[in-house]
Amino acid sequence: MNQDELKQAAARAALEEIKGLPPGSVIGVGTGSTVNHFIDMLAASGLRIAGAASSSEASARRLAAHGIGLASLDDVEELPVYVDGADEIDHAFNMIKGGGAALTREKIVAAAARRFVCICDESKYVATLGRFPLPVEVIPMARVQVARHIARLTGGEPRWRESVVTDNNNHILDVHGLAIENPVELEAALNQIAGIVTNGLFARRGADVLLLATSNGVRRSVRA
Ligand code: 5RP
């Protein structure tokens, strides 16, 4: 199986995962190529959901194109589930996300969800986070100052993702060269830097369920 087929397998497993939800549920939907498969399969499945809270304009457009209603977080107390991919996930279900620059809205929708279901292929499963450059969303006027601060704090090398403006009109720094031994601590430390909107570490709120697509099938595990 190639990587895209593995992503499809993970997406299919997520559909099974949400089949038990009461009809009329509003679910959270993430961003990226794995989630795109999930959205397409959800639309084709005939599963009756009341709508989806989307973590990006791109996913919102895809959902709407399929006729799936968009829900605002203002109107729901809690989402039963949030389905999203990851750029890396470790054995404790801490993640790096934001490869698609949607990290801030992803964190917001994930925070509203009772259960975070992470769908990815086995290439994303790592012992230590950091080989994938850590995305950080910054207020544009603070970009250079924040980059200097992150370099001092982490020893990593922040690089501006110049081609990208986020859905919130901000910039992305990708921090290269990290080996993240304590994701919870680093997530909190980065949150203290003025000018950072969000960092792509999802450790304080990691995944609850991992659907990991491997060449031997999709492995389902639940956070200990
Ligand atoms: C977007 C994300 C995605 O979940 C992550 O980049 C994985 O994407 P893909 O499913 O395309 O591999 O965090 O901001």
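Predicted model: local features only at pLDDT ≥ 70, side-chain atom pairs only at ≥ 80, totals over all residues.
Local features need pLDDT of at least 70, side-chain atom pairs count only at pLDDT 80 or more, and totals for chains, interfaces and linings use all residues. Residues are numbered from 1 along each chain as its sequence is written, and side-chain values use heavy atoms, without hydrogens and water.

**Exercise 1.** Locate Met141 and state whether this residue is buried or exposed.

*Solution.* 
- Start with the location. Met141 sits in the loop between strand S7 (134-138) and helix H5 (143-154). Helices (H or I, at least four residues) and strands (E, at least two) are DSSP runs, numbered from the N terminus.
- Next, apply the cut-offs: buried is under 20% relative accessible area, exposed is over 50%, and partly exposed lies in between (1.4 Å probe, protein chains only).
- Met141 has a relative accessible area of 77%, so Met141 is exposed.

**Exercise 2.** Describe how S12 and S13 pair.

*Solution.* 
- Take the ranges: S12 covers residues 209-214 and S13 covers residues 217-222.
- Two strands pair if DSSP finds at least two bridges between them. Here there are six bridges, in the antiparallel sense.
- Pick one partner: Leu210 bridges to Ser221 in S13.
- Finally, check the connection. S12 and S13 form a hairpin, with two residues between them.

**Exercise 3.** Give the strand order of the open sheet of three strands, then its edges.

*Solution.* 
- The order is S4-S5-S11, with antiparallel pairing.
- S4 (88-89) and S11 (201-202) are the edge strands; each pairs on one side only.
- S4 joins S5 (residues 95-96) through two bridges. Ile89 has Met95 in S5 as its bridge partner.
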